[in-house]
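I opened the notebook to look up a few things in this structure.

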Amino acid sequence: MRAYCQSQRGVISIETALLLPAVLAVLLAFFDITRIHLQYSLLEHAMRHSLRVLIAEDWRKQPLNIGIVQNMIVRNSYGFIDRVDVDITRYNSLSELLNVDEEEEESSRVFRPADPVFRVSATLTTQLEFSPLAALYSEPLVFRSTVIASQDLLFD
């Protein structure tokens, strides 16, 4: 029995040396993926919150501005978002946004606002940083969030 215990003395340290890098790699990958998911969720939250505040303003007096929306998104994301690019496209009506033909519009009884409609798109660009996956996948990860905003849709 004594000879068996002495022969097993360094086995635990060798097993630890072999398994520790794999366990650390999985742990760092978990943190990296969690960080990216947090950024995606914060972008969605910041987009909706920012547009909820801006939608109450009269757009005919002060139209939606890329700088204002981008600053509000960064402020509502609590500084966790890496890089966000905002694009705003203005359409005169929802029918124009949807490219609806006149024949289709007459037959459809769906409510379509006549006020200006805005398509606000925010593009988040980030990449893996902490895990060994960053060495394998060095391309940036891109996530796009798009919201259609109209005062008619809110108040009617």
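How many aromatic pairs does a search of the whole structure find? I find 2 aromatic pairs. I pair rings of Phe, Tyr and Trp (its six-membered ring) if their centres lie within 6.5 Å; planes under 30 degrees apart count as stacked, over 60 as edge-to-face and the rest as tilted. I looked up Phe30 and Phe31: the ring centres are 5.8 Å apart and the planes stand at 55 degrees, so this pair is tilted.

Ground rules, before I go on. This is a predicted model, so I take local features only at pLDDT of at least 70 and side-chain atom pairs only at pLDDT 80 or more, while totals for chains, interfaces and linings use all residues. Residues are numbered from 1 along each chain as its sequence is written, and side-chain values use heavy atoms, with hydrogens and water left out.

**Rings**

I checked how open the Phe30 and Phe31 pair is. I call a residue buried under 20% relative accessible area, exposed over 50% and partly exposed in between (1.4 Å probe, protein chains only). Phe30 has 52% relative accessibility, so Phe30 counts as exposed. Phe31 has 45%, so Phe31 counts as partly exposed.

Then I looked at Tyr40 and Phe143. Their ring centres are 4.5 Å apart and their planes are at 25 degrees, so this pair is stacked. Why does the pair tie together parts that are apart in sequence? Tyr40 lies in helix α2 (residues 11-55) and Phe143 in strand β3 (residues 141-149), so the parts it ties together are 103 residues apart in sequence. I take helices (H or I, at least four residues) and strands (E, at least two) as DSSP runs, numbered from the N terminus. Tyr40 is partly exposed at 21% relative accessibility. Phe143 is partly exposed too, at 23%.

**Surface patch**

Next I looked for a nonpolar patch on the surface. One is formed by Leu20, Leu24, Leu27, Leu28, Phe30, Phe31 and Phe130, with about 680 Å² of accessible area together. A patch takes residues with over 30% relative accessible area and no salt bridge; like charges are joined within 9 Å, nonpolar side chains (Val, Leu, Ile, Met, Phe, Trp, Tyr) within 5 Å. Areas come from the Shrake-Rupley method with a 1.4 Å probe; for residues, only the protein chains shown count as cover. Phe130 sits in the loop between β2 (117-126) and α6 (133-136). Phe130 is partly exposed at 48%.

**Salt bridges**

I count 4 salt bridges. The rule is a side-chain nitrogen of Lys or Arg within 4 Å of a carboxyl oxygen of Asp or Glu. Arg35 pairs with Asp32, with the closest N and O atoms 3.2 Å apart. Both lie in helix α2, 3 residues apart, about one turn of the helix. Are they buried or exposed? Arg35 is buried at 17%, and Asp32 is buried at 0%.

Glu44 and Arg48 also meet in a salt bridge, at 3.4 Å from N to O. They are 4 residues apart in helix α2, so about one helical turn separates them. Glu44 is partly exposed at 23%, and Arg48 is partly exposed at 45%.

Asp85 bridges to Arg83, with the closest N and O atoms 3.3 Å apart. Asp85 is partly exposed at 35%, and Arg83 is partly exposed at 46%. I also noted one network: salt bridges that share partners join Asp32, Arg35 and Asp82.

**Thr123**

I looked up Thr123 in strand β2. Thr123 is buried, at 13%. Which residues is it in contact with, leaving aside neighbours within four places in sequence? They are Arg83, Val84, Asp85, Val142, Phe143 and Arg144. Contact means heavy atoms within 4.5 Å. The side chain of Thr123 also makes a polar contact with the side chain of Arg144, at 3.3 Å. A polar contact is a pair of N or O atoms within 3.5 Å; within protein, one must be able to donate a hydrogen and the other to accept it, and residues adjacent in sequence count only if both atoms are side-chain atoms.

**Whole chain**

Last, I noted the overall layout. The chain has 7 helices and 3 strands. Of its 156 residues, 33% count as buried.
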